[in-house]
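Have the structure open as you read.

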Amino acid sequence: VQTLQTPVVRGAGATLQRLRTVAPEADDQIAHHLHVRIGRDARYEQATLAGGSRYQLHRHVFELQARGATVRSAGLLFAAGNAIEQQVRVSHAAPSTTSDVQMLALASGAARAVLNARTRIAAGASDADVRQRLAGIPTGGQPKLVLRPHLEILHDQVQAAHGATWGALPEDEIFYARQRGLDEHTARRLIVAGMTHALLQRCFSDEATLDALGADALLQAAVARHLEPETTHG
C-alpha cells in the first residue's frame, strides 16, 4: 500500500512540464495526491500514464491563483481487471486563466475505471478559458467505465466546454488497417497507440518535450501490455 502527497508551487512566469509514469506491482494499492498552485503568467503541463496494479487513485488539484496562469493536464489510464480512478480539480481564481483537462481510460476484463473532472470558475475570473474532455474505451471483456465532467461557472464572461464519450474502437479504422495487410491485433494496437500519442500532443506545447521524455517508447510498451492479454486469452 502506497500513499504519496506532492505539493508543487509555480512562481510568476515559470514553466514546468512533467510526464508521470506509474507502473507498480500487480497487487499494489496506491493513492497519489498532487496539489499545484500556479502564479501569474506561469504554465504547468502534466501528463499521467498509469496502470498495472490492483487499485490506483490519482487526485490532482490545480489552483490558478493569478492572471495569465495556465494548466494542461492529461491522464492516460490502463485498467485490465483492476480498479483505477483519476480525479482532477481546477480552480480559476483570477482573470485570463486557462485550463485544459483531458483523460482517456482503456479498460478490459472486469475492470472499473473512473474519470472525474471538476472545474470551478470564480466570480472574479473573467475571460477564463476552460476545456474538459473525458473518454473511455472498452478493449475487451465487460469493464465498467464512469465519466464525470463537471463545470461550476460563477462569471458570465468566460469560454467553457466539456464533454464525455464512451465507445469501442472505431470499426471503420480497424477495417481500413486490415485492408492494408495488418492482422486485427496489430491494427488495434496501432490505433490505440495513435490515440494515446495524440492525447500527449494536446497536453504538451511542443513535440520536442515528448521526444526528450521518451514518450513514444513508454506509450508503445504500455499499449502492448494492455492489449496482450486479449491475444493470450483469445
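This is a predicted model: local features need pLDDT of at least 70, side-chain atom pairs count only at pLDDT 80 or more; totals for chains, interfaces and linings use all residues.

## The largest pocket

Start with the largest pocket, which has a volume of about 300 Å³. Its lining is made up of 19 residues, and those nearest the centre are Gly-51, Gly-52, Phe-78, Ala-222 and Arg-225. Two or more lining residues come from each of strand S2 (15–22), strand S4 (43–51), strand S6 (70–80) and helix H4 (215–232).

Helix H4 gives the most, with seven residues. Sorted by class, the lining has 13 nonpolar residues, five polar and one charged.

## The second largest pocket

The next pocket to look at has a volume of about 200 Å³. It is lined by 17 residues, with Leu-104, Ala-135, Ile-137, Met-195 and Arg-202 closest to its centre.

At least two lining residues each come from strand S8 (98–109), strand S10 (129–141), strand S13 (164–166) and helix H2 (184–203). Here the classes are 11 nonpolar, four polar and two charged.

## A look at His-58

Now turn to His-58, which sits in strand S5 (residues 55–64). His-58 counts as buried because its relative accessible area is 0%, under the 20% cut-off.

The side chain of His-58 makes a polar contact of 2.7 Å with the side chain of Gln-56. Beyond its neighbours within four places in sequence, His-58 is in contact with Arg-20, Val-22, Ile-30, His-32, Ala-50, Glu-85, Gln-86 and Gln-87. As for Arg-72, 14 residues away along the chain, its C-alpha atom is 16 Å from that of His-58.

Technical notes:
Residues are numbered from 1 along each chain as its sequence is written. Side-chain values use heavy atoms; hydrogens and water are left out. On a 1 Å grid over the protein atoms alone, a cavity is a set of points where a 1.4 Å probe fits but cannot get out, and a pocket is an open set with protein on both sides within 12 Å along at least five of seven lines; lining residues have an atom within 4 Å of a point. Grid points are joined across faces, edges and corners, and a volume is the space filled by probe spheres set on the points. Helices (H or I, at least four residues) and strands (E, at least two) are DSSP runs, numbered from the N terminus. Ala, Val, Leu, Ile, Met, Phe, Trp, Tyr, Cys and Pro count as nonpolar, Asp, Glu, Lys and Arg as charged, and the others, Gly among them, as polar. Buried means under 20% relative accessible area, exposed over 50%, partly exposed in between (1.4 Å probe, protein chains only). Contact means heavy atoms within 4.5 Å. A polar contact is a pair of N or O atoms within 3.5 Å; within protein, one must be able to donate a hydrogen and the other to accept it, and residues adjacent in sequence count only if both atoms are side-chain atoms.
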